[in-house]
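Please have the sequence and the structure at hand.

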Amino acid sequence: MSAPAPKGYQREAVLNALEIFRYAESQFAQASDDASRAAATAFNGCLLLEAPTGSGKTLMAGMIAEAFAAPDRASNAQIVWFWFTPFATLVEQAKGAIKSTFVGLRVRDLQGDRKTRGTQSGDVYVTTWASVAAANAATRKVRSGGEFVLSLDALIAELRADGFRIGAVVDEAHHGFATAKEAVRFYRQSLKPDFTLMITATPDDADVEKFKKAAGIEHLHRIRVSRKEAVDAGLIKDGIKSIAYLAADDQKALVDFAATALADGWGMHQAIKQGLQTAGIGLVPLMLVQVANSNKAVDEARTRLAALGVQESKIAWYTADDPNDDLLAVALDERKEVLIFKMAVALGFDAPRAFTLVSMRGAKDTDFGIQVVGRILRVHSHLQGPTLDKQLPELLRCGYVFLADAANQSGLVNAGEKINAIQSGLSHVCPFTMVVKVAGVNEIQVSHNGQAQLLSVPYTPSVWPAPSPASAANLGAEGAPFAGESPAWQQTGILTNLVLMPPPSVPQSAGAPVVVPLLAGNRRFALREGVPRVYRSEQSPLSTDDLLTCIAANIAIDDKAFSAGFRQSVKVTRQTLDLFEGSEEVQTMNARLSDAEIARRAQSVLFDADNLDPRDLHDVLLARLKTEYGHRGVDTDAVGIEMALNRIMAAYPHLIRNAARTCSAKFKETFDAAPLPEFVELPAGVKKSRLNVYGVMPQDLNGPEQAFAQLLDADTSGTVEYWFRNEPRKPWSIGIVMPSGDRYFPDFAIKVAGRVAGGGLMLVETKGNHILNGDNTVDKVLAEHKLYGVPLMLVQDHAGRFMTIKHFQSSGRNEQDQIFRIENLAGY
C-alpha cells in the first residue's frame, strides 16, 4: 500500500524539506573530511516540522524520509533512518504506519537485526531514546554486541564505512532532550546523524533552542503548517469545545464534578452516535476517559460508567500497569465505545473515532492540553471527502472535552491559542556554508559576510554542555571530565583524615535522683509575695451521656435543614468555550451531589468533638432525625435516614457545633490547677517587667503579645495589679473547654483592680489580623470560663493600636469593635 495522495500543504512541506536536505547532500558529496560534513549538517541538515495533530505529520515525515532515501538526478546518496518515538507504547504504532504506507521504507528490528549485510537505502529502525541511551547498560542492551548481531555503535560505524548516511526522525522526543544527558551523549558521540527531521504538534521555542545547543546545530530550519490548512483539507475538525462546570464556593465541595462530566460526556457521545446514523455514516464513535494516576482510578471510572448504563463489553482500558486492551485494536474495534486511559497514553495515541474526551484529572499545562485536544482533533476517513465534511451538521464537525476540574480549562484555552498561533511558513536553504578548494582539496567553510577563507578553516562543532572558564581546562571534547579523572576533593585528599566523633556521654550514677542544675549564665526569678499560686481551670465531664443527650435535643433541625436531607443535586453553571474561536456559552444545569464528599464531610463533623465518641454522637443524632421524620410524617428506610443525616451535617456543620457550645457550657467542670511554679529560670540579662508576677518578661511572646505585655507594664492608673503569661497545657495553666471538647488557654491572666467577676482575674487573648476568622477563633471569641467569664480578645490595627473583637452572629465573622483602654479592664 503506497502513501495516500498528499494534500497541497503536505506536498509543499515535503518539497521544501527535500530541497534543504538535498542541498546539504550536494555539499556532502563534494566534501572529503569530517569537519566539512559536520558543517553541512550543522547548517542545512536539521529540520523541524510543526503541524497540528491530525494534519499528517507522520505522513509528511515518512514522505520526506522515503523520497530522500530514493536516488534522484542530483544524488545517489543512501541513508538509513533511526526513528525515535516519545514512548515505547508508540513504537509499534509507528512501525505499523511506516509498513502500511511507505513502500520505499523498510522497517528493521533493532533488537535482532543489527547487521549491515543486506542493508539498503530507506531502512528504518524505530526506537526510543530510553532504549538506546539509558544510563544503565542493562536497559540498553542494543549497545552491546552478540554472536549474531553488532552492537548499535558498531552497526552505525559500519553503515558509515559502507557509504550510508545516518538520518534521525525525532517525533516529539526533542522535548526535554537537553536535560537527558545520556540521550545527548548518544546523539552527538554515537549516532552523529547527518540529517535530523523533528516533528511536533507542541512547538516550544525554549525546547527548540535547548535542542539546538545540545545537538550542536547552528541553524534549524522550521516548516510550519497552520490549523486552517488542515481544517480546509478536511483532516481535522473545525473546532474543539471545552465544557466545564462552575459552582458557588460554598457548594463546590458538594458537587460530584467527575460524575457530572462523565454523564454529560456520555450524553454527547450518544447524540454523536445518533447523528452519524442520521447522516448515513457507518461509524461507531469512541469516547475517551482520562483518569488520574491513582491505582483505583480505572475501577472507579468503570463503576461510574456502569451506573450510567454503559455495558461492560463496550468499555476498554489501558494503563502502563494494566494494559488490558491493545490501543491500536481499540481504535479500530467498533464494539468498544469507551476507552479509559491515564496521562502518558494521551501523548501520541491515534484514535480517529474519538469525538468526546472526559478528563477526570488535573492538567493545567498548555503542552499537555495540546495533546488532550489532539486525541479528538482528527477526522475519521469515513467523514472525509471533497464535500462530505462541509455537509455535516456542526455536531459532527467538532470535538468535545468535558472537564471534571474547571481549573484545567486554562490549559486547554492556552493550547487552543498556541495551536492557532502556528502560521504556515516554509524555510530556505541556509547560505552560510560554501565549498572551497584549498590546496586542491574541497573543504566546506562557514562563511562570514559571504567571504571564504584562502587558508583551511575546519568547522568545529560547539561543545556541550558549554564549559565554564574555571572548568574548561579539565573538560574533554564533549564537555565531560576526562575518562578516569577523579573529582578534585578526591585528588587532593581533603577528606582523607576526616573523622566523625560521637558527642561525649555524661556518666550517671545508677538510682541517683536527677537534679537539674542551674544553667551557666541563668538565674532564678521568684514569684512575687502575695500572689495566689492556684487558679481554676476547666475540663470536660468524665461521663458524656448527659452532654450527648443535650446536643441531640438542642440541634436546630428546622425546615431548611430537614429539606437538605432530601437534596440530591445542586445547580451549577455549564460553561462551554470554543478553544479556537474563543466564543463562550453558559447555561444552568443540575449536577449530582458527591456521596463520597458528603460522607467525608459528615464524618469530619462527627470527629470534630474531641471529647465525644463519634459513634455515640452519630447514634444520638440518628435517633433525633428519626424522631423528626416521624413527627413530619415522612417514611424512609435506615439507608435513607443515614444519607439524610450525612447531607444535613455536610450542609450545616455549625448546627452540631452550636448545640455543643450550649451544652458544653452547661456540663463542663472546673477544678484547681497545679500551683504556679515558685520561680522561673531565665538568662541573667532578661528584660525586667514591672507588673509580671516573676518580675521578668517571658521569653516565648510573639510580636503582638510583647506589645501587649509592654502596655500592661506601662499602666500608671493602678488598674493592673499583676499579670502572668498563661502558658498552654501546663499543669498550672487556666484552660477553657470549647465546643469541640478541646481546651483553649488564653495568653494572659491579669489581676484587675475593682473587678468583681472571677475574683478580679481577667483572661486576655491577642490575635493576629490574618487569623481573626481562623478555624478556632470564632469558638475562642464565644468561649466563656465558668469562673473568670468571657476572655477579652484583642487585635492590633494597622496603626498598632489594640482593638477589642466582637462576633457578629448575622455574618458569622469576627470584626474589630473599639479601641482597647487599660482603664476599662474592669468593665470589659
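At what angle do the axes of helix 7 and helix 8 cross? In this predicted model, the axes of helix 7 (residues 181-191) and helix 8 (residues 205-215) cross at roughly 50° and come within 10 Å. Angles from 65 to 115 degrees would count as roughly perpendicular and those under 35 degrees as roughly parallel; helix 7 and helix 8 are therefore oblique to each other. Helix 7 contributes Val184, Tyr187 and Arg188 to the contact, and helix 8 contributes Phe211, Lys213, Ala214 and Ala215. By class, 5 of these residues are nonpolar, 2 are charged and none is polar.

Buried residues of helix 22 include Gly640, Ile641, Ala644, Leu645 and Ile648.

| Partner of helix 22 | Residues |
|---|---|
| helix 19 | 559-564 |
| helix 20 | 595-607 |
| helix 21 | 614-631 |
| helix 23 | 654-667 |

Beyond residues up to four places away in sequence, Ile648 touches Ala561, Phe562, Ala564, Gly565, Leu625 and Leu655. Ala564 is 84 residues from Ile648 in sequence, yet their C-alpha atoms are 5.6 Å apart.

The mean pLDDT of the chain is 82, and 83% of its residues reach 70 or more. Over residues 468-515 the pLDDT is below 50, and this stretch has 24 contacts in the model beyond near neighbours in sequence.

Methods
Residues numbered from 1 in each chain as written. Predicted model: local features only at pLDDT ≥ 70, side-chain atom pairs only at ≥ 80, totals over all residues. Heavy atoms only, no water. Contact = heavy atoms within 4.5 Å. pLDDT = per-residue confidence, 0-100. Buried < 20%, exposed > 50% of the residue type's maximum accessible area, 1.4 Å probe, protein only. Helix = DSSP H or I, 4+ residues; strand = E, 2+ residues; numbered from the N terminus. Axes fitted to C-alpha atoms, helices over the stretch in contact; angles between N-to-C directions. Parallel < 35°, antiparallel > 145°, perpendicular 65-115°, else oblique. Nonpolar A, V, L, I, M, F, W, Y, C, P; charged D, E, K, R; others polar.
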